[in-house]
Amino acid sequence: MRIAWQLIVAIFLALNAGLIGGVDSRYAGDVCASALQQGGTLFYGLTLSPSGIDPHVNASSELGIPLRSVYDTLVYRVASSPEETAQQFVPGLAEAWEISQDGLTYTFHLRRDVKFHDGTPFNAAAVRANLERIVDPATRSQKAVFLLGPFHSVEVVDEYTVAIHLSAPYAPLLDGLSQVYLGMASPQALARWGADYQFHQVGTGPFRLEEYVPNDHLTIVRNDEYAWGPPIHAHQGPAHLERVVFRFFTDPAGRAIALQAGDVQVMGEIPPLDAVRLQQDGGFTIVPVPIPGQSLGLILNTQRPPLDDVRVRRALLFATNREEIVQTIFGGFSPAATGPLTAATFGHIDLPAEVVRFDPDEAARLLEEAGYVDSDGDGVRDRDGQPLLLDAVLMTWGSLPEVAQLIQSQWRSIGVQLRTRTLTYPAALEAARTGDYHLIPQNYAGGDPDLLYTYYHSSSTFNWTRAADAVLDDLLVRARQVSDAAARMELYAQAQKRIMELVLLIPIRDPVNLNGVSTRVQGLRFDAHGWFPILHDVRLQ
Amino acid sequence: MEPLRCWPRVWCILRVDPRFRAGSGILCLVVLIAVAAPLTASYDPLAATPVRQLQPPSIYHLAGTDLLGRDVWSRLAWGGRLSLSAGAVATALAVLPGSVLGLLSGYFGGKLDSLLMRAVDVALAFPTLLLALTIVTVLGPGLAGASLAVGCAGIPRFTRVVRAATLGVRYAPFIEAARTIGCRPHRILLRHIAPFVADTIIVLASLELGYALLNIGALSFLGLGAQPPAPEWGLMLTEGRAYLSVAPWITAAPGCAITLTVLAVNLLGDALRDALGLQARD
Amino acid sequence: MLVLVARRLVWAVFALWGITTLVFILLRVLPGDPARTILAASGASETAIAQARAQMGLDEALPIQYGRYLWNLAHGDLGRSLFSNRPVLVTIAEQLPPTFELAAAALVVTIVLGLGLGVLAARYAGSWLDRVTVGIAVLGVSTPLFWSGLLLIWLFSLVLRWLPASGADSWRHLVMPAILLGAVGAAPLVRVVRSNLLTILQTDYITVARGKGLPETLILLRHALRNALLPGLNLIGLQAGFLLGGAVITETVFARPGLGRVVVDAILWKDLPVVQGTVLLIAGIYIIVNLGVDLISIVLDPRQRET
């Protein structure tokens, strides 16, 4: 009996010692770090564990967050507001460039002082090797190749001059070349590592990839030779931080907890309610970053009844109370969307109330006009004995399940029944291919409104609206070929209006990435594409 | 050889066992609330009233409201129907085929027995959750699929245990006597063997209900079970996780509900087992 | 005895083969086309998809695919992930250590808690301590893992700030997950140890020991425990299955890397080679653990050798 009690007391004491010791050492660590201005390790929280992190191959924005600092691009984009008539591009790996009169040839004059992390020099041949890899069908590129548009060939003019030839004018090319997916990798490393390249990536950026263990962590370390930063960096020369360790937090519930517990100093995609709470905690700030590109919304399958009737589609649009969704689920942190582009995107326009508004009475009237009445009193409208039942495919990001539930409730009040299925991305793609959906979401971030072509042009593989409107097609084709920025903006304004008049989309909100940042972190900014942090200038206190 | 079960005596033992009283009391309460959901729930579980979101428990909302302003208590009551029926179906699915297979295998022996036990051994080499996960992959996400998968994953365990119980009775003199006078096998099985094996089946079934509820909840947690907006308890738990610090009642309510129900079932099972005088089995 | 061991080994091999076949069949029954899902994201044409199917060997007859699969398996080739194109073996080698760490730590907790509390309950059988212990054990089995995990995180990471909420860098990251998994796994063990001990404590030779005047605790630990351990050993083997299944949930709740999450993601994404490889591995470990438990109990218990 005594033995038992002694054992219990001993264990209790040991536990206390361990816990106190543990707590102490963390505080000790903080004291040491406050003296540092140069160096240090930053812990950064990622929210998705992508199946692959090769920027030439994979499409997730998650991979870009660490890799944006591993690769440089030919040009960099400076954030432009929707009202500016030009997107600004500043030199990156290319010091200067010319565009031919016919818009088919872009000639880049490259910097001469750039070296890859493995010591090989960066030159025109490297650019060619990269672009050819991207367009090679064997690479199975999911995004980079689309950014190159009507790419025809690349030509090495001389050691530091390279020309890209297109088969049709393509105004969004510079925007594509400024994205991490077209970052320049070392041809030697590409050749050497082949299929395993994503674990041994070599770029020219201010950090180099040290290690990637899927689902666990990704570490990048400072490149001390870095001396060719673009003008968007606040200082030239090597980065301040010694090392950045990225860890994965796929579970939204754990993100704010990890941030507050000190597991990371920066965390992306904090859920809105946690963000409200964090703002009240003095040790953290919330940095909301509006993401240019597609708004979060549900694309409508215009070929599947009853959505083939534009009145039904318009009724659904008018029945959706977007403000309520934004307030309830997103805590008012992001604005409600009125069209296919977010308010932060170049070329965005606010659509007039005749086209997009919350008007449940009008919605009910439209449904009646289309012949849907509640004949059996079960709360769901029907026509010819068929209930007005819709089927939505959902995915787990963007709080879509919660949004869908609120929409279900809103639509029920006008007699529409909505059923949902939450699928993984491959399964959703399969459903999209077979047309087995009424509503489906898509998420695409990008600075150039040409993304509308990918989703709304009738010939595109991702045309999930399955619409074929000649007017819209024409607008989208012309907008990508015309080089005058003001003209492009006008065309996109018309395109957005057309999309919403045809009600190809039910827009919900503009994605805003809520980043939780510890006050120890100084100098963190995000680039013009929204998702990607500029880690070069970050200091740790 | 134990005498035939004397049910009145079993009932006397059970009546005074505190575990039986607590367990059956809780279970009856839960089932009542679930079955009488139209009466016990004061709000529509699917009606979202965002203006009342994330309210703590009060006299208007016994368990508070969730993100979309839905009354958590009402969702709990209606969800009880879903969770309990899914659990019951899964248990029935494990018990019935499992018991039948076990009886047949134990009684007839021979090639059928060998083959079946090899298959059961193989299936038992799987952790149950993984087996259920794999089956759910084939069936696709959904409460029905999850129910089916968990049920199927429970069949091997039942087969093994019922077979062992059958073997214990198989060679008893009175069974041999019945065979000698020419009783047909199915009559022997039903009238003579089954009553002895029934004890084991009852106890195991009660435990299985507990496992089923937990596993179905786990599948919903992983996104493979009930789909939104169904107020199934496991799904409610998953949905409420993101708001744990802001509104813990959204998770606490279904968490407590699952725990209490499974606890009640386990207590019942324990009391039954002791009253029926059996050894603990896994 | 050698015959016994040999028989067990043969059964283990057979069970392994059975698992691979079972998984192979189940996953081939899946609707959907792996080639299409990989290529769909890059907008590939139908001919490209057909080519990829041929390349992956998806058009061949099932028996041929099965044969090829077994052949590769015998050579240690578990295939490559459909999405990341990494060898499955490499992924497993990477993700095994954290899961193993968790399972081992949880097993230690299970044994310590299970034995400790079981002995305690038996020693003070009938008292309030006994009832409380058994009550806690029953509660442990009834609470869903994912909920108790969240409660632990809330208490120890958010409120008290003693322990980290996620990750796997230091021993401190292991504390909560291991204790959670271990404690829930210990619950059935407590009951078994307790009841076995109680049965043994009533046997004759224990009465003799008491008659000799030995202190109760000594009797318990030196004489009774050894015999009570055997059924407990069996249970530990079965608990390995629970641990492996529970690791899936625990790894998700605590955001730990490991095989559990790999397998769930692979199942969700229908990444067949990864599912086959990890399921095979997990089942293999389970079979080996049980084999070990069987062998140990054969060594410890002379009665079994006479079978």
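This is a predicted model: local features need pLDDT of at least 70, side-chain atom pairs count only at pLDDT 80 or more; totals for chains, interfaces and linings use all residues.
## Basis

Local features need pLDDT of at least 70 and side-chain atom pairs count only at pLDDT 80 or more, while totals for chains, interfaces and linings use all residues. Residues are numbered from 1 along each chain as its sequence is written, chains are lettered from A in the order in which they are written, and side-chain values use heavy atoms, without hydrogens and water.

## Where chain B meets chain C

Chain B brings 37 residues to the contact and chain C brings 43 residues, contact meaning heavy atoms within 4.5 Å. The two chains bury about 3,600 Å² between them, with 81% of it on carbon and sulfur atoms. Buried area is the accessible area (1.4 Å probe) that two parts lose on being put together, summed over both.

Across this interface there is 1 salt bridge, that is, a side-chain nitrogen of Lys or Arg within 4 Å of a carboxyl oxygen of Asp or Glu. Asp270(B) forms a salt bridge with Arg191(C), and their closest N and O atoms are 2.7 Å apart.

## Nonpolar cores

A nonpolar core is a set of buried Ala, Val, Leu, Ile, Met, Phe, Trp, Tyr and Cys residues joined through side-chain atoms within 4.5 Å; buried means under 20% relative accessible area (1.4 Å probe, protein chains only). The largest has 243 residues, of which Leu74(A) and Phe108(A) touch the most other members.

Beyond its neighbours within four places in sequence, Leu74(A) is in contact with residues including Phe108(A), Phe122(A) and Met184(A). A second, separate core of 21 residues includes Leu103(B) and Phe158(B).

Key
Buried means under 20% relative accessible area, exposed over 50%, partly exposed in between (1.4 Å probe, protein chains only).
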